[in-house]
Amino acid sequence: MMSRAERIQTLLESALMPTHLEIDNESHLHVGTREETHFRLVIVSESFAGEGLLARHRRVQSLLQAERDTGMHALSLHTFTTAEWAHKGTAPASPDCAGHNH
Amino acid sequence: MDVLERIDQFVKANPVIIFMKGTPQFPSCGFSSRASEALKACGVPFGYVNVLSDPEIFENLPRYRDWPTFPQIYIDGELIGGCDITLEMLDRGELQPLVEQAVQKKSLDNGAS
């Protein structure tokens with residue numbers, strides 16, 4: 001059986017054909033959660049060209065809706081075109097969990 | 001009043017507003033904390049709603065503009081996104097002018113009415 005991280009990878013690779021993809025399972029940063037609940041994704045894909053940040057995030061969120069429905073609680077998303085990524089080269093790390101209410 | 005109308009009133013009454021876990025002074029979540037810090041960095045006043053102290057808004061905000069997570073940031077009535085988008089816009093230098101324009105527009109609206 002595939003892990004959630006593997007399912008996310010398969011889904012995003014086929015839908016977005018990323019040139020760079022980071023999938024960090026950050027569930028350990030959070031208190032009292034199960035194993036695969038918090039993810040941070042860095043996606044570099046030409047399919048984002050000409051698309052605003054809100055639209056990119058909506059598209060990725062909807063691709064991963066099934067995971068959200070089955071216990072994925074939080075998704076930190078960093079989306080770039082190849083040109084944006086070449087300029088930036090890194091995406092911010094996620095904050096530590098400051099509470100236990102989420 | 002219906003909860004979606006209540007949310008809508010908050011969004012329309014405040015040129016810049018964040019629905020967050022906790023408050024800007026005492027955030028209860030790292031993502032809410034970072035997003036409110038980004039707004040603070042713009043140097044203009046902004047409104048906030050602590051979703052943890054309003055269970056009805058906590059339950060229903062995701063369906064208001066079909067956005068699944070907290071925090072949510074609205075500027076001039078428009079959903080900007082969550083923490084990641086707000087920080088990226090700050091980084092690109094896009095957040096501050098947007099916030100300033102929204103505050104200015106609101107004060108002009110108020111002056112006219």
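**Reading the model**

Modeller: Let us begin with a polar contact (a pair of N or O atoms within 3.5 Å; within protein, one must be able to donate a hydrogen and the other to accept it, and residues adjacent in sequence count only if both atoms are side-chain atoms). Here the side chain of H38(A) makes such a contact with the side chain of T37(A), at 2.8 Å. The model is a predicted one, in which local features need pLDDT of at least 70 and side-chain atom pairs count only at pLDDT 80 or more, while totals for chains, interfaces and linings use all residues. Residues are numbered from 1 along each chain as its sequence is written, chains are lettered from A and ligands numbered from 1 in the order in which they are written, and side-chain values use heavy atoms, with hydrogens and water left out.

Colleague: Where does H38(A) lie, and is H38(A) buried or exposed?

Modeller: Helices (H or I, at least four residues) and strands (E, at least two) are DSSP runs, numbered from the N terminus. H38(A) has its place in strand β2 of chain A. Buried means under 20% relative accessible area, exposed over 50%, and partly exposed in between (1.4 Å probe, protein chains only). With a relative accessible area of 2%, H38(A) is buried.

Colleague: How should I read a helix, for example α1 of chain A?

Modeller: Start with its span; the expected value is 1.5 Å times one less than the number of residues. Helix α1(A), residues 4-16, has 13 residues and reaches 18 Å from its first C-alpha to its last, close to the 18 Å expected. Its buried residues are R4(A), I8(A), L12(A) and L16(A). Seen down the axis of α1(A), these fall within an arc of 60°, so they line one face of the helix. The arc is that of the directions from the helix axis to the C-beta atoms. The general idea is that an α-helix has 3.6 residues a turn, so residues three or four places apart point the same way.

Colleague: Which elements do the buried residues of α1(A) pack against?

Modeller: Contact means heavy atoms within 4.5 Å. The partners are β1 (20-25), β2 (38-44), α2 (53-63) and α3 (65-69) of chain A. Just after α1(A), M17(A) takes a positive phi of about 45°.

Colleague: What does V60(A) touch beyond its neighbours in sequence?

Modeller: V60(A) lies in helix α2 of chain A and, at 0% relative accessibility, counts as buried. Leaving aside neighbours within four places in sequence, V60(A) is in contact with L12(A), L16(A), L41(A), I43(A), F48(A) and L77(A). V60(A) and L11(A) are 49 residues apart in sequence and 9.8 Å apart in space, C-alpha to C-alpha.

Colleague: How many residues of each chain are in contact with the other chain, and what area is buried between the two chains?

Modeller: Chain B brings 21 residues into contact with 24 residues of chain A. Buried area is the accessible area (1.4 Å probe) that two parts lose on being put together, summed over both. Between chain B and chain A this is about 1900 Å², of which carbon and sulfur atoms give 58%. The rule also finds seven residue pairs in polar contact across this interface. On the side of chain B that touches chain A, the elements giving two or more residues are α2 (30-41), β4 (78-81) and α4 (83-92) of chain B. The largest share, six residues, comes from α4(B).

Colleague: How many salt bridges join chain B and chain A?

Modeller: A salt bridge is a side-chain nitrogen of Lys or Arg within 4 Å of a carboxyl oxygen of Asp or Glu. The count between chain B and chain A is three, whereas over all chains it comes to 16. E88(B) forms a salt bridge with K88(A), the closest N and O atoms being 3.0 Å apart. For E84(A) and R92(B) the corresponding separation is 3.7 Å. This pair crosses between chains, from helix α4 (residues 82-88) of chain A to helix α4 of chain B. E84(A) is partly exposed at 25% relative accessible area, and R92(B) is partly exposed at 34%. R56(A), E84(A), K88(A), E88(B), D91(B), R92(B) and E94(B) are linked in a network of salt bridges.

Colleague: Which parts of chain B does the salt bridge of E56(B) and R6(B) tie together?

Modeller: The closest N and O atoms of E56(B) and R6(B) are 3.0 Å apart. E56(B) lies in helix α3 (residues 55-64) and R6(B) in helix α1 (residues 3-13) of chain B, so the pair ties together parts that are 50 residues apart in sequence.
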